[in-house]
Amino acid sequence: IMAFKKAIENKRLKEENLALRKQLFEQFDFSNIIGEDPLISKVFDEIRKVAPTDSTVLLQGESGTGKELFARAIHAHSRRAARHFVALDCSCLAPSVLESELFGHVKGAFTGAVKYKTGIFEVADEGTLFLDEIANLTLEVQGKLLRVMDTQEYKPVGASHVKKTDVRIIAATNRDLKTMVAEDEFREDLFYRLNVLPVYLPPLRERKDDIPRLAYHFLRFFCRKIGKKIEGFSDDALKTLVSQ
């Protein structure tokens with residue numbers, strides 16, 4: 001009876017796993033990313049190639065080019081899809097807080113550390129960690145990130161023991177990391193560890209043919225949301241959008 005119950009439970013877990021993967025595929029399928037311009041089609045091709053691998057990916061592009069959307073698509077099409085996808089904006093936290101956020105801390109590590117805190121590397125174990133705006137990391141935190149990538153080991157803040165982690169890192173930046181390396185603002189060794197599979201995300205002004213497609217996509221979305229029916233845009237309005 002116990003063996004039968006265990007078999008039923010394993011079957012249920014497998015079905016839940018498959019359902020989750022299907023949900024992720026549908027939510028972050030490439031068809032949900034609007035664009036048919038050759039530049040964005042090239043990005044789709046590159047991401048289809050890199051997603052099944054376990055390699056680090058560096059997404060480069062200006063703010064608003066959809067870096068997190070593409071990062072989630074990579075995760076959804078990877079072998080880690082059933083595990084956690086954890087996103088961290090490296091520009092939102094002070095360096096001291098960021099280190100604790102990444103690696104966690106032990107009780108008493110610093111003033112206010114009243115209990116053990118789980119770090120993102122622990123939460124994202126066996127999944128994908130998306131580090132947005134990675135250029136904002138201090139050189140000290142860059143060095144600790146490099147160690148994790150090299151050894152898959154890290155120390156929570158204030159701890160004397162190391163912990164293991166198995167995460168795939170997808171990093172993103174809107175800055176030129178090569179220039180930052182030349183100006184000693186970014187570690188060269190970390191840059192080359194991140195730049196294994198670089199993917200450039202073009203801004204809309206470089207793929208203007210997609211502007212009408214995006215305009216109609218958002219028009220349909222907001223029409224459904226507010227219950228209105230609007231047929232479309234005038235030729236002059238579209239011409240103005242594309243010419244900006």
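Start at the second largest pocket: 13 residues line it, and T56, M149, Q152, V167 and R193 lie nearest its centre. Here a pocket is an open set of points on a 1 Å grid over the protein atoms alone, where a 1.4 Å probe fits, with protein on both sides within 12 Å along at least five of seven lines; lining residues have an atom within 4 Å of a point. The model is predicted: local features need pLDDT of at least 70, side-chain atom pairs count only at pLDDT 80 or more, and totals for chains, interfaces and linings use all residues. Residues are numbered from 1 along each chain as its sequence is written, and side-chain values use heavy atoms, with hydrogens and water left out.

Helices (H or I, at least four residues) and strands (E, at least two) are DSSP runs, numbered from the N terminus. The space in this second largest pocket is about 190 Å³, a volume being the space filled by probe spheres set on the grid points, which are joined across faces, edges and corners. Its lining divides into four nonpolar, four polar and five charged residues. Ala, Val, Leu, Ile, Met, Phe, Trp, Tyr, Cys and Pro count as nonpolar, Asp, Glu, Lys and Arg as charged, and the others, Gly among them, as polar.

Stay on β6 and select R168, which sits in that strand. R168 is buried but has no salt bridge; D54, the nearest side chain of opposite charge, is 4.7 Å away. Buried means under 20% relative accessible area, exposed over 50%, and partly exposed in between (1.4 Å probe, protein chains only). A salt bridge needs a side-chain nitrogen of Lys or Arg within 4 Å of a carboxyl oxygen of Asp or Glu. Show V50 too: its backbone oxygen lies 2.8 Å from a polar atom of the R168 side chain.

Next, select D54 and R80. They form a salt bridge, with the closest N and O atoms 2.8 Å apart. D54 lies in the loop between α2 (38-50) and β1 (57-60), R80 in the loop between α3 (67-76) and β2 (85-89), and the two are 26 residues apart. D54 is partly exposed at 42% relative accessible area, whereas R80 is buried at 8%.

D166 is in the loop between β5 (163-164) and β6 (168-173), so its pairing with R80 ties together parts 86 residues apart in sequence. D166 is partly exposed, at 31%.

Go to helix α6 and pick E140 and K144. Their salt bridge has its closest N and O atoms 3.7 Å apart. What separates the two along α6 (residues 139-151)? They are four residues apart, about one helical turn. E140 is exposed at 53%; K144 is partly exposed at 31%.

Move to the largest pocket. It holds about 240 Å³ of space. Its lining has 16 residues, with G64, T65, G66, R207 and L214 nearest the centre. Elements giving two or more residues are α3 and α9 (210-226), and α9 gives the largest share, three residues. The lining divides into nine nonpolar, six polar and one charged.

Across the whole structure, the search finds 18 salt bridges.

Technical notes
Lys, Arg positive; Asp, Glu negative; His and termini not counted. Polar contact = N/O pair within 3.5 Å; in protein donor to acceptor, adjacent residues only side chain to side chain.
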